[in-house]
Amino acid sequence: MDLLGGCALILLGHHRTTLDIDYVGDDLTRTEFQRTIDRVANYLHVHADAVPIGRFVPVPADASSRRVFIARYGSVEVFVIDPYVIALSKLDRGLDTDIADIVFLGVAGWVDLDRLAELVKSVEPAAAAYDLDPSAMRRHLVDVRKGIKYR
């Protein structure tokens, strides 16, 4: 199971809050595992969302090699998805909280900003298919760099 969003950042050490648990999954066709997650989340009064991240950003071919192992719970292994995928998805949206999350990823060493800039450049040809705005992403990356500089 791969986590992303605020809960993933918390597991990586970010001191922030979140209202839900986002995990990689199909939000239209739910598996038995996802239905189990839904039942447990409902029982615990926690909001859990399946996020089909591959529909929102192009996931790099080597992303699975950068997943961060968190723990094993019975037969379920929990990972944080590639931090670059998290950064890429937040870079496009560019809200203040998104910028702060990417600053955290950079300061904590999970993401190298030069490598992230290369990744942004590499997704430009596919940007329209994902409704991404490369110029906004580049502007937001400048904001991230400023955030790290003044931290």
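This is a predicted model: local features need pLDDT of at least 70, side-chain atom pairs count only at pLDDT 80 or more; totals for chains, interfaces and linings use all residues.
I looked up how the strands are arranged and found five of them forming an open sheet in the order E3-E2-E1-E5-E4, with mixed pairing. I noted that the edges are strand E3 (47-51) and strand E4 (68-73), each of which pairs on one side only. From one strand to the next, I read an average twist of 35°.

**Entry 2, E1 beside E5.** I then followed strand E1 (residues 2-4) and strand E5 (residues 76-80), which pair in the parallel sense over two bridges. In this part of the sheet I found Asp2 opposite Phe79 in E5.

I searched for ring pairs and the count came to one. The pair is made by Phe69 and Phe79 in an edge-to-face arrangement, with 5.4 Å from centre to centre and 70° between the planes. I recorded that Phe69 belongs to strand E4 and Phe79 to strand E5, so that the pair links distant parts of the chain, 10 residues apart.

Finally I checked for charges over ring faces, and found Arg67 over the face of Phe79 at 3.7 Å from the ring centre. I also listed Arg115, which lies over the face of Tyr84 at 5.8 Å from the ring centre.

Note on methods. Residues are numbered from 1 along each chain as its sequence is written. Side-chain values use heavy atoms; hydrogens and water are left out. Two strands pair if DSSP finds at least two bridges between them. Helices (H or I, at least four residues) and strands (E, at least two) are DSSP runs, numbered from the N terminus. Axes are lines fitted to C-alpha atoms, for helices over the stretch in contact, and angles run from 0 to 180 degrees between N-to-C directions. Rings of Phe, Tyr and Trp (its six-membered ring) pair if their centres lie within 6.5 Å; planes under 30 degrees apart count as stacked, over 60 as edge-to-face and the rest as tilted. A charge sits over a ring if NZ of Lys or CZ of Arg is within 6 Å of the ring centre and within 35 degrees of the ring normal.
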